[in-house]
Each structure stands twice: as structure tokens, then as C-alpha cells.
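Here is a friendly walk through a few local features of this model. Have the sequence and the coordinates open as you read.

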Amino acid sequence: MDGQSAGRRARARAIGWLIAGGAAMVLIWVALPHPERASDGWVVALVVATWVLAALLLAGRLDRASRRVIAAVIGVAALLISATLLAIGDPASGFALFYVCLAPYAFATWRSRYAVALVVLIAVLYGAVLLALVADEPDAVVADAVAGRWIVVVCGTIALGLFARHLGMLRRASEDRFRRGFADSPVGMAIISADWRWLEVNDALCALLGRSRDELIGHTPAEVTHPEDIAVSRAVVDRGRSGTAQQEFVKRYVRPDGQVVWAEVDSIFVPGRRAEGWFYAHVQDITAQRAAQEAVARQARQQAAVAELG
């Protein structure tokens with residue numbers, strides 16, 4: 001799974017847990033003493049519908065969905081919040097804050113027009129809910145509902161959304177710096193999965209191995225490792241997964257033309273959740289240094305042999 005897919009999956013899970021948690025809070029409210037005007041049957045039905053939507057997100061059914069589909073899911077969530085508020089029947093209900101919780105995702109990951117559309121949708125839906133709930137109330141109550149609660153929710157949605165957008169921009173800038181440093185490094189660099197497969201490689205490593213990026217991503221490094229060094233490399237992977245974070249070792253790679261490349265590898269294992277993780281590796285070509293060392297050693301052996309004969 002690439003970084004973009006992983007990001008979509010993480011965002012879908014976040015929305016799913018948010019929706020599921022909010023529905024659970026509403027169900028707890030139903031179980032506690034509450035105003036009699038609430039339509040408990042409708043509230044429970046809406047909770048179930050919300051959990052169905054959350055289950056789709058948490059099960060990964062929408063991981064590959066387009067941005068428009070996810071936008072539609074957020075819109076459905078806003079409609080479910082509105083229907084729940086109507087079923088509860090209390091204009092002072094704090095569950096209106098669930099509208100605000102939808103903003104961070106939209107502002108952080110969508111284009112501005114989609115985020116603005118969500119704010120408009122929330123403003124219209126919550127305004128309609130408040131007007132429906134206070135239709136028979138005195139003008140003072142109506143004014144308090146509109147001037148107080150509606151403005152707080154809408155402005156809170158905008159404020160939290162803008163804050164999330166700023167954090168998202170900072171994170172993307174940091175990721176862009178890392179990607180540029182990774183891609184443009186003159187030293188071979190790779191990210192390798194815990195089950196020993198290439199997840200990402202840079203151009204320098206591709207040049208060192210004599211292979212394209214597509215020939216490496218998703219494949220195991222064993223395919224390009226010298227047969228005598230495969231066991232050594234596997235041992236490094238096993239030690240990393242067992243708790244040895246940083247390791248340095250020398251190994252040989254084999255290019256498609258059969259040329260052997262000596263490399264010094266600096267490997268760091270980064271643990272992940274659920275026993276997953278990845279290796280971050282620097283791969284330095286030391287073929288020339290190795291050849292020079294062997295030449296010096298060979299010359300020393302020759303000189304020693306001549307000395308013995310002399």
C-alpha cells in the first residue's frame with residue numbers, strides 16, 4: 001500500500017470512529033433521563049443508520065472511494081445529525097457540536113470550494129432544525145436560537161476547519177521536504193516493509209541496482225541480493241523486528257548484467273502498530289573502495305611471497 005492509499009484509509013477510519021462514537025453518545029443519552037418530547041424510536045433508528053455508515057468506513061469499503069463519494073458521505077452524516085436533533089426535539093441540545101466535528105476533515109483534505117460547501121450545508125441544515133424546533137416559541141427564544149446557537153455552531157465549524165487546514169498545510173510541507181530529500185539524495189535510500197519488500201526507493205538506489213523503480217517496488221530485496229548474502233540480510237530483518245533498531249552491515253547486490261555491487265547498508269527499523277513496521281535504509285556503493293582494499297591486500301600478499309622467496 002502506498003502513502004496516498006494509506007492516507008485515505010486513515011482518514012476513512014477517522015471519520016468512521018467519529019460517526020460511531022457520536023452515535024454511541026446519543027444512544028447513552030436515550031438510556032438516561034431526558035425530555036419526554038424526544039422521539040426515542042426515531043433516535044434509535046437514526047443511531048443504527050449512523051452505525052451502518054460508520055461500519056462501511058471502518059471495514060474499508062470506502063478506502064478507494066473518490067473525493068466526491070467521501071464528500072457525499074460527510075453530507076449524509078450532516079443529514080443524520082440534523083435528523084437526530086429533530087428527533088431529540090431540544091434546541092439547546094449539545095449534540096449540534098457534532099456538526100463542528102465534520103469540519104477538520106473537509107478543510108484539511110478537500111479543496112476550498114468543497115469545504116465552503118460543507119459549511120453552507122451545515123448552516124442551512126442547522127438553521128432549518130432550529131427554526132423547526134422553536135417555531136412555536138416566543139420571539140425571544142427564536143432570537144436566542146438563531147443569534148446564539150446557530151452562530152456558535154457555524155463560526156465554530158469555520159474556526160476549527162481553518163485550524164485543521166493550517167495544520168494540514170504544515171504537515172504537507174514537512175512531507176514534501178522529506179520526499180524531495182529522499183528522491184534527490186545522491187545516496188541510495190529505501191523504505192522496506194517488515195516482511196522484506198520494497199515500499200519506496202529513490203533514483204540513486206535504482207541506478208546502483210541497475211533496475212527501474214517499477215522493477216523493485218513490491219518485490220523482495222532477495223531478488224537483487226547476492227545468493228551468499230541473503231541469509232545475512234534476513235538475519236538483519238529478524239533482528240530489527242525483534243527490537244534491534246539500528247544496524248550497519250555490508251552486503252552484495254547483483255545487477256541484471258551479472259555485475260556484483262558491494263554496498264554498505266545503514267538500516268533503521270521503525271515499529272508500527274499491530275506488530276507492523278518498516279525499515280529505513282541508506283545504501284552506499286562501496287564497490288570501488290572494496291576493489292581498492294582487495295588490490296592493496298593482493299599487493300601485500302605478493303610482496304610477502306617475494307620476500308619469502310628472496
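Strands β3 and β4 form a hairpin with five residues between them, and glycine 258 in the turn has a positive phi of about 95°. Helices (H or I, at least four residues) and strands (E, at least two) are DSSP runs numbered from the N terminus. The two strands pair in the antiparallel sense over nine bridges; pairing requires at least two DSSP bridges between strands. Glutamine 247 stands opposite serine 267 in β4.

This is a predicted model, where local features need pLDDT of at least 70, side-chain atom pairs count only at pLDDT 80 or more, and totals for chains, interfaces and linings use all residues. Residues are numbered from 1 along each chain as its sequence is written, and side-chain values use heavy atoms, with hydrogens and water left out.

| Element | Residues |
|---|---|
| Strand β3 | 246-254 |
| Strand β4 | 260-271 |
| Helix α2 | 40-58 |
| Helix α3 | 67-88 |

Tyrosine 253 is found in strand β3. Is this tyrosine 253 buried or exposed? Tyrosine 253 is buried, with a relative accessible area of 4% (buried means under 20%, exposed over 50%, with a 1.4 Å probe and protein chains only). Beyond neighbours within four places in sequence, its contacts (heavy atoms within 4.5 Å) include Leu208, Val224, His226 and Val283.

Now to the helices: the axes of α2 and α3, lines fitted to C-alpha atoms over the stretch in contact, come within 9 Å and cross at roughly 165°, with angles running from 0 to 180 degrees between N-to-C directions. That makes α2 roughly antiparallel to α3 (over 145 degrees).

How values were computed
Parallel < 35°, antiparallel > 145°, perpendicular 65-115°, else oblique.
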